Amino acid sequence: MTDRGIPAGRDHLTAWQPDIPAFARSSVVVLGETLLPVHPDEEAMLHPRAGRARRTSFRLGRSAAHSALASMGHDTGPILAGDAREPLWPAGVMGSISHTTDIGLALVAPESRTDGVGVDVEQRRHAPELENRIPRPEERKWLDDRPPAERLDALLALFSAKESIFKAFFPTVRSYFGFEAALLQPTTSGYVARLVQPVSEEYPPDRAFNLGCEWFGSTVVTWLVLPKSSRENDGRRT
């Protein structure tokens, strides 16, 4: 996992340049920048009693998403939400949004080039409850090898990576699965991951995929763009 040693603060996340395929696009928006207008149909998705922080984070996420789509030439209308509150992207696009109270991130790619896209951003926090929710036994082993001062950060980054995995697979598999469904091993730039439960026929346990992970001061970002599977003789696009 990468840590640029950048001082804490949201403004430094504007330097995020993820290692993604050339066909994919990313965008980051921080509070204080000029946001792209939120479509009235998007605004209508918010609860009438949503507070200022919720409305701001939503606008940051949607602004980042529209910016990423515009860079692909696909920003054609509102980004609404499905039954599971997942973003509904324009035809031919797969994407993911994440936001905090002052940061919005988006990652998009042509559906013809990827099986799924995921991105997640988290602020450093004390979250010991993740101990019982996230790690598989194999992951707990490498977590336990971390110095105590680094362990909670490593656990939070692992949580973020599994959030990114869920976001990447859910639009295709259309079913919920737990964090234990994926097994991650850290690398110098993120993780190598495998699905160890039957989530996707195209990704059995022997098919690995990579996730990026980077710290910007007190903020961690994880992301992935899944390779496109070959689907022959089943009537689907290849």
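**Pocket, sheet and helices**

Modeller: The largest pocket has 21 lining residues, and Arg 85, Glu 86, Pro 87, Ile 97 and Lys 167 are the ones nearest its centre. Keep in mind that this is a predicted model.

Biologist: Which elements give two or more residues to that lining?

Modeller: Helix 2 (52-72), strand 5 (93-99) and helix 4 (148-173) do.

Biologist: How much space lies in the largest pocket?

Modeller: About 510 Å³.

Biologist: And how do the lining residues divide into nonpolar, polar and charged?

Modeller: There are 11 nonpolar residues, four polar and six charged.

Biologist: Over how many bridges do strand 5 and strand 6 pair?

Modeller: Seven bridges, in the antiparallel sense. Strand 6 covers residues 103-110.

Biologist: What stands opposite His 99 there?

Modeller: Gly 104, in strand 6.

Biologist: How many residues has helix 2, and what does it reach from first C-alpha to last?

Modeller: Helix 2 has 21 residues and reaches 31 Å. That is close to the 30 Å expected at 1.5 Å a residue. Gly 73 follows helix 2, with a positive phi near 75 degrees.

Biologist: Now helix 4. What does it reach, C-alpha to C-alpha?

Modeller: Helix 4 reaches 37 Å with 26 residues.

Biologist: Which residue follows helix 4?

Modeller: Arg 174, and its phi is positive too, near 55 degrees.

Biologist: One more residue, Phe 166. Where does it lie?

Modeller: In helix 4.

Biologist: What does Phe 166 touch, not counting residues up to four places away in sequence?

Modeller: Ser 175, Tyr 176 and Phe 177.

Biologist: How far apart are Phe 166 and Ile 97 in space?

Modeller: 12 Å, C-alpha to C-alpha. In sequence, Phe 166 and Ile 97 are 69 residues apart. Ile 97 is also one of the residues nearest the centre of the largest pocket.

Technical notes:
Residues numbered from 1 in each chain as written. Predicted model: local features only at pLDDT ≥ 70, side-chain atom pairs only at ≥ 80, totals over all residues. Heavy atoms only, no water. 1 Å grid on protein atoms, 1.4 Å probe; cavity = no way out; pocket = protein on both sides within 12 Å on 5 of 7 lines; lining within 4 Å. Points joined across faces, edges and corners; volume = space filled by probe spheres on them. Helix = DSSP H or I, 4+ residues; strand = E, 2+ residues; numbered from the N terminus. Nonpolar A, V, L, I, M, F, W, Y, C, P; charged D, E, K, R; others polar. Pairing = 2+ DSSP bridges. Expected span 1.5 Å × (residues − 1). Contact = heavy atoms within 4.5 Å.
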